[in-house]
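Visitor: Could you walk me through this structure, one feature at a time?

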Amino acid sequence: MSTNKFIEKLDKEWFDKIKNNFKNKDDIDRENNQTSLLREISKTKTNIGLARLQILRILEKDYINIDLLITYTKQYNDLYDKLNILNSYKTIFGID
């Protein structure tokens, strides 16, 4: 799901509530939340790289295990979707 589609699907009232809650937190909480979000984005990017590496290793073999390839491809796609959502939150909250 692209970032724009994700944002479009958000309920406006819910979005405003989250945005206001984020603004009302004190600086320490806000910094901790930002750090946690950035850490999760970094972890997800690392996991995407690992899934991609596993896919490449499977494709390099003479005998391709289709079930394993499907499993890692699904994992890769799920992680990529998660990264898009996390980046949406990053954009919504104005985190650099």
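Visitor: Which elements have the lowest and the highest mean pLDDT?

Guide: pLDDT is the predictor's confidence in each residue, from 0 to 100. Where it is low, the predicted coordinates should not be read in detail. Here the protein has a mean of 80, with 69% of its residues at 70 or more. Among its elements (helices are DSSP runs of H or I, at least four residues; strands of E, at least two; numbered from the N terminus), helix H1 (residues 3-9) is lowest at 56 and helix H4 (residues 66-92) highest at 91.

Visitor: Which residues make up the largest nonpolar core?

Guide: A nonpolar core is a set of buried Ala, Val, Leu, Ile, Met, Phe, Trp, Tyr and Cys residues joined through side-chain atoms within 4.5 Å. Buried means under 20% relative accessible area, exposed over 50%, partly exposed in between (1.4 Å probe, protein chains only). The largest core has twelve residues, including Leu-37, Ile-48, Tyr-76 and Ile-95. Helices H3 (27-60) and H4 each give two or more residues to this core, and H3 gives the most, with six.

Visitor: Why does Ile-66 count as partly exposed?

Guide: Ile-66 lies in helix H4, and it counts as partly exposed because its relative accessibility is 48%.

Conventions. Residues numbered from 1 in each chain as written. Heavy atoms only, no water.
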